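Let's walk through this model piece by piece, from the strands to the open space beside them. Have the viewer ready and follow along.

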Amino acid sequence: TIKSNKLKNPFNDEFEGSYANELIGKTCPHRSEKEESFKCITLTVKNSIEESLQFLVTEEILDGDNAFY
């Protein structure tokens, strides 16, 4: 058999990350999770990098026109 020879990419090793986008039903048992990779993120400017990162992962309630059906 021929083994797959994946070359390591030093850029990806240092700068690539992943996050999970999770949807949880508020009044129903439905749940969805999707993991996605990224090489850069866009942050909302806050008082500190920690505050900007915390804002990035803050839950968002989808309702009204923003609701997910």
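Two strands pair if DSSP finds at least two bridges between them. Helices (H or I, at least four residues) and strands (E, at least two) are themselves DSSP runs, numbered from the N terminus. Before using these, a word on ground rules: this is a predicted model, where local features need pLDDT of at least 70, side-chain atom pairs count only at pLDDT 80 or more, and totals for chains, interfaces and linings use all residues. Residues are numbered from 1 along each chain as its sequence is written, and side-chain values use heavy atoms, with hydrogens and water left out.

Now the strands. S1 and S2 make a hairpin, with six residues between them. They run antiparallel and are joined by eight bridges; Ala20, for instance, stands opposite Glu35 in S2. How many of the eight residues in S2 are buried (under 20% relative accessible area, with exposed meaning over 50% and partly exposed in between, for a 1.4 Å probe and protein chains only)? The count is zero, so S2 is hardly covered.

Next, the rings. The structure holds one aromatic pair. The rings of Tyr19 and Phe38 have centres 6.0 Å apart and planes at 40°, so they count as tilted. For the cut-offs, rings of Phe, Tyr and Trp (its six-membered ring) pair if their centres lie within 6.5 Å, and planes under 30 degrees apart are stacked, over 60 edge-to-face, the rest tilted. This pair links distant parts of the chain, since Tyr19 sits in S1 (residues 17–24) and Phe38 in S2 (residues 31–38), 19 residues apart. Tyr19 is partly exposed because its relative accessible area is 41%, and Phe38 is partly exposed at 23%.

Over in helix H1 (residues 10–15) you'll find Glu14, which counts as exposed because its relative accessibility is 64%. Glu14 and Lys39 are 25 residues apart in sequence and 9.4 Å apart in space, C-alpha to C-alpha.

Finally, the largest pocket. On a 1 Å grid over the protein atoms alone, a pocket is an open set of points where a 1.4 Å probe fits, with protein on both sides within 12 Å along at least five of seven lines; lining residues have an atom within 4 Å of a point. The largest pocket is lined by 26 residues, and Asn21, Glu22, Leu23, Glu60 and Leu62 lie nearest its centre. S1 gives the most to that lining, with six residues.
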